[in-house]
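Open the model in your viewer and keep the selection panel at hand. This tour names what to select next and says what is there.

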Amino acid sequence: MINSPAELEKLRQEILAKRDPGTTRISICAGAGCLATGAGKVIAAFTAAIEQQGLQSDVNIKGTGCPGFCERGPVVVIAPEDVCYLQVTPKDVPEIVSQTIQQKKVVDRLLYVDPSKNEKAVREADIPFYKNQERNIIGSNIKIDPKCIDDYLALGGYSALAKALFQMTSEQVVAEVKKSKLRGRGGGGFPTGIKWEAARNAPGDTKYVIVNADEGDPGAFMDRAVLEGNPHSILEGLIIGAYAIGAHEGYIYVRQEYPLALENVGIAIKQAEEHGFLGSNILGSGFDFNVKVHRGAGAFVCGEETALLLSLEGKPGEPRARPPYPATRGLWDKPTNINNVETWANVTLIIDKGADWFNQFGTERSKGTKIFSLVGKIKNTGLVEVPMGVTLRDIIYNIGDGIPGGKKFKAVQTGGPAGGCIPEAHLDIAVDFDELTKAGAIMGSGGMIVMDEDTCMVDVARYFLNFLSEESCGKCSPCREGVKQMHRILTNITEGRGKQGDIELLEELALSTRSASLCALGRSAPNPVLSTIRYFRDEYETHIREKRCPSYSCKGLVSYYIDPEKCGACRICPRECTSDAIIGEKNRIHVIDQAKCNKCGTCFEICPARFGAVIRLSGEPVPAPIPDEMRVVVRKRNAKREKQDA
Amino acid sequence: MREISLQIDGRDVAASEDMTILAAAQNAGISIPTVCHHENLQPFGGCRLCTVEAEAGGRTNLVAACIYPAQHDLVVRTRSEQIDKIRKVLTEQLLAHAPESEVLQNLAREYHADKDRFAKEPSFCILCGLCVRYCAEIKQKNAVGFVDRGPNREISFIPEIAATECWDCKECFPLCPTSALQAAFVLMRSLTAVRSSLTSESKKRDATNSVAQRNRHNGSPVAGDRDGALPEATMQR
Amino acid sequence: MDTERIERIIDNHRCEPGSLIQILLDIQAELHWLPKEALAMVSEKLDVPMSRIQHTATFYKAFSLVPKGRHEINICMGTACHVRGAPRVLEVVQNLIGIQPGETDAEMKFSLGTVNCLGCCALGPVMEIDAERLGKLAPATTAGLLKDYD
């Protein structure tokens with residue numbers, strides 16, 4: 001139990017004294033993503049290998065928080081040189097141990113290669129993916145084992161809390177957050193300091209602070225990485241916020257789809273309690289604060305603050321009208337301040353380094369950095385932290401390294417189901433709250449989904465409306481009915497049943513849904529439709545008028561056909577066909593039985609490039625199959641190559 | 001309670017601070033359409049037919065009059081091109097569920113709504129919640145509640161409570177704007193009668209019948225009918 | 001149904017206001033579904049009307065009111081996974097097991113569901129079987145992953 005800031009510093013020095021910066025430390029990302037691609041086995045392999053070499057006392061191994069380069073995980077960083085290896089498998093471990101750990105040599109093939117310069121990056125900091133970011137928050141993850149509070153303390157953890165409790169009044173803490181101009185990172189973008197002030201000024205002795213870790217936007221996982229990877233940073237921010245507002249109880253609402261985050265935050269709370277950062281008389285300041293974890297139960301709408309509050313009260317998450325706002329009447333009708341995970345992480349940094357430090361990043365009206373989850377059709381998928389104001393092009397090309405497979409960029413979707421799609425023409429807009437809104441999208445919580453020429457934008461709108469119809473609480477008719485109707489129309493369009501007037505009907509439904517819905521889910525539901533109509537209206541019209549999907553994506557509008565002139569009778573596609581729809585024997589041109597074909601596209605993908613015989617058709621009739629007697633393959637190639645295929 | 005003054009449709013209206021826009025309007029004899037509102041129940045804000053324009057501090061928002069608090073100097077418009085369009089679409093959407101409802105047909109006349117605009121839905125219930133709220137707030141029996149969410153949302157009776165309470169009560173029936181409540185109750189009652197006679201059969205079936213235990217209401221637990229032994233009843237009235 | 005286990009779960013949380021959802025989550029984790037008898041016990045012990053419990057149990061998709069199979073398969077249908085082909089993975093699994101999302105097969109071996117984002121978005125498509133998460137799926141290899149489960 002630590003009873004004063006001085007004791008905290010003493011403990012910190014003790015921890016640091018035991019850590020020789022020259023010691024070899026192997027950090028392996030143990031976030032949910034890397035674990036799903038085998039990081040657990042890599043950690044076990046390192047542990048076994050180090051033990052086998054008798055190096056346990058000299059080498060430190062830890063599973064850490066997610067550093068964000070998810071495309072190339074499992075990620076391993078070896079300190080003190082900070083050599084970074086990517087896509088490490090257990091088979092690579094013995095070589096790493098003998099080459100890098102024991103002989104300080106680099107294993108070339110595991111390094112990042114910069115494709116444009118054909119250069120290898122040895123150190124983590126040299127990898128362009130990381131270099132072009134400003135990793136104020138997520139940069140700490142690779143240095144921390146989230147299950148070990150000492151790692152957090154070694155980096156200076158909880159010194160901001162000590163500063164707030166002992167060097168600042170609660171009013172000064174609110175003032176500092178206001179000065180920082182921090183805006184909520186969950187999607188609303190509301191000035192955090194003003195929200196805090198309202199809760200602080202609300203009458204009443206019982207107040208609550210809450211961490212919103214519901215992160216429901218599909219494609220967004222920033223909060224997961226921060227909460228899983230550095231849970232103490234969130235706790236510290238929360239306790240500071242509680243002190244500022246005058247709350248003594250807090251909740252961390254975590255969606256139940258994040259079991260690792262739940263586990264790590266639970267461990268962190270216990271450790272914080274043991275150390276005296278939570279509980280009564282924190283650090284001897286006289287301030288009491290306790291926090292509990294509440295699990296969500298599978299409802300996107302519970303990311304909306306009033307619905308979250310009802311969920312905390314054990315009720316269905318049906319948003320309620322505002323006013324009154326949670327700051328005055330929130331949990332159990334008491335003044336409550338809810339903030340997103342990333343917002344709380346920024347609070348810790350702001351109190352630690354000051355509002356002036358924070359303001360050096362970002363634009364005039366959007367200060368600081370933002371973590372985005374860059375996913376979809378992009379080479380470097382992962383988490384990207386950049387100062388507000390960089391352009392979409394910077395993120396997608398300089399950090400994301402562009403579109404894989406030589407495909408053409410089509411759109412980037414930001415803001416989740418409440419957001420919109422931005423086409424190539426607007427890639428140079430600055431990423432900040434206001435600029436994105438002007439372009440018809442929103443910042444949202446940070447999901448950034450890249451789409452290429454193979455993505456059908458009508459299907460994207462249909463996808464989001466499908467999502468929203470599953471997640472709508474159903475209480476108010478404009479959302480319940482409007483989302484359903486819009487979804488129905490979009491489904492019809494993608495399945496070839498679009499009618500003249502559908503676009504206009506969608507726009508009309510958008511009006512009532514956006515204007516009359518009770519909460520932000522309904523009010524923003526039309527956004528994906530309206531933004532795709534705005535920038536890709538021609539795609540809608542093509543689907544409706546020509547019954548054609550230009551991206552060959554809508555299964556109901558696409559047919560696959562094997563060109564008899566090109567088919568090499570290699571027998572690969574009949575073997576791989578997922579519905580046994582291809583008739584193909586040796587030396588006989590393969591034919592797709594259209595009645596059985598389920599349009600999975602496998603044949604199109606695996607037909608060897610030198611044949612390129614499978615073609616996709618949309619909006620035109622499929623040629624009739626050639627007569628049986630004409631299905632003989634014309635041999636232009638030598639027999640040897642055929643043997644290789646069969 | 002402080003007296004305040006706001007403007008509704010160009011008229012100055014006196015109200016008290018704890019009133020909603022709807023209450024202030026009704027007090028002044030200005031009518032705003034409602035479907036889910038009832039003077040003896042807490043405001044629900046579900047149907048959104050009472051949507052009005054409320055202007056304060058230079059900003060105009062569209063709000064539900066039945067729950068939005070009346071504020072001093074608020075400027076309210078209960079009809080406009082935008083509002084009428086919204087009410088028209090909402091009415092058309094609800095008519096798809098209950099084309100025979102008198103309440104909805106009146107609205108259709110006023111807002112020129114076309115009852116055949118949207119494809120018919122076989123559900124009658126427009127989820128106004130009057131029955132649920134009446135039973136919870138006034139009778140405090142909680143015999144009927146909502147289940148599921150989104151387009152799958154429905155009302156559902158709790159058979160054990162309904163079996164003993166509802167037959168002699170039925171006070172929620174006249175509240176229902178589409179008379180579906182009555183039909184739902186009759187259906188539930190007949191199911192309860194069928195279920196008790198099949199209890200031992202149904203227990204056996206529960207244990208073995210594990211494929212697709214979705215009933216015709218898309219998986220929501222309507223009135224204890226998980227055993228699949230449903231009479232193929234339609235909503236008889 | 002073991003009433004003692006249910007009682008213990010309820011007692012663990014009883015003193016916390018608003019604990020209904022946490023209790024139901026624990027029962028769901030314990031029994032893999034929410035039997036009506038369990039809900040009746042919760043209603044009685046927490047003094048919460050059954051109508052609210054029924055609404056809560058059907059509102060939140062983490063709960064199942066019908067028994068689930070021994071292995072729960074959830075396929076992520078989040079945006080990133082969708083863009084990378086999740087619907088095709090789902091189709092393969094559906095065809096293999098013979099059930100739709102929300103259903104359980106006749107042998108009570110597999111229950112299939114979809115989930116709107118597991119948070120492993122960089123590895124889409126992602127599938128969760130019991131507690132294990134498998135990323136970077138392709139329709140061709142998905143079938144093989146299910147063979148090891150009995």
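Start between domain 3 and domain 4 of chain A: eleven residues of domain 3 are in contact with 13 residues of domain 4. Contact here means that the C-beta atoms of two residues, placed from the backbone, lie within 7 Å. On the side of domain 3 of chain A that touches domain 4, select β13 (409-414) and β14 (420-423) of chain A, the elements that give two or more residues. β14(A) has the largest share, with three residues. By class, that side of domain 3 holds seven nonpolar, four polar and no charged residues. Nonpolar covers Ala, Val, Leu, Ile, Met, Phe, Trp, Tyr, Cys and Pro; charged covers Asp, Glu, Lys and Arg; the others, Gly among them, are polar. The centres of the two domains, over C-alpha atoms, are 22 Å apart.

This is a predicted model, in which local features need pLDDT of at least 70, side-chain atom pairs count only at pLDDT 80 or more, and totals for chains, interfaces and linings use all residues. Residues are numbered from 1 along each chain as its sequence is written, while chains are lettered from A and ligands numbered from 1 in the order in which they are written.

**Chain A, whole**

Now colour chain A by domain. The assignment gives domain 1 (17-131), domain 2 (150-359), domain 3 (369-452), domain 4 (457-546) and domain 5 (555-645). These bounds come from an automatic or database domain assignment. Switch to cartoon: chain A has 25 helices and 19 strands. Helices (H or I, at least four residues) and strands (E, at least two) are DSSP runs, numbered from the N terminus.

Zoom out. Along the principal axes, the C-alpha atoms of chain A fill a box of roughly 90 × 65 × 40 Å. Of contacts in chain A between residues at least 6 apart in sequence, 72% join residues at least 24 apart. Buried residues are 57% of the 646 in chain A. Buried means 20 or more other C-beta atoms within 10 Å of a residue's own; exposed means 12 or fewer, and partly exposed lies in between, with C-beta atoms placed from the backbone.

**Helix α22 of chain A**

Select residues 527-546 of chain A. Where does helix α22 kink? The kink, of about 95°, is centred on A:F536. The bend at a residue is the angle between axes fitted to the seven residues ending there and the seven starting there. A:F536 is also one of the buried residues of α22(A), which include A:V529, A:I533, A:Y540 and A:I544. Show what covers them: β14, α18, α19, α20 and α21 (520-524) of chain A are included. Step past the end of α22(A) to A:K547, which takes a positive phi of about 55°.

**Chain A to chain B**

Select the boundary with chain B. Here 23 residues of chain A are in contact with 22 residues of chain B. On chain A, α18 (457-471), α19 (477-494) and α20 (502-516) each supply at least two residues of that side. This side of chain A divides into nine nonpolar, seven polar and seven charged residues.

From the N terminus on, its elements run β-β-α-β-β-β-α-α-α-β-β-α-α-α. Of its 237 residues, 44% count as buried.

Pick B:C131, found in helix α4 (residues 130-138) of chain B. Buried or exposed? B:C131 is buried, because 24 other C-beta atoms lie within 10 Å. Leaving aside neighbours within four places in sequence, B:C131 is in contact with B:V144, B:I155, B:C172, B:L175, B:C176 and B:L181.

B:C131 is among the residues that touch the most other members of the largest nonpolar core, of 301 residues, as are A:F46, A:I239, A:I240, A:I395, B:I21 and B:A65. Apart from it lies another core, of 17 residues, among them A:Y560, A:C570, A:C573 and A:I592. A nonpolar core is a set of buried Ala, Val, Leu, Ile, Met, Phe, Trp, Tyr and Cys residues joined through C-beta atoms within 7 Å.

**Chain C**

Finish on chain C. Its domain 1 (3-59) and domain 2 (71-146) come from the domain assignment. Their C-alpha centres lie 29 Å apart. Then select the boundary with chain A, where 39 residues of chain C meet 48 residues of chain A in contact.
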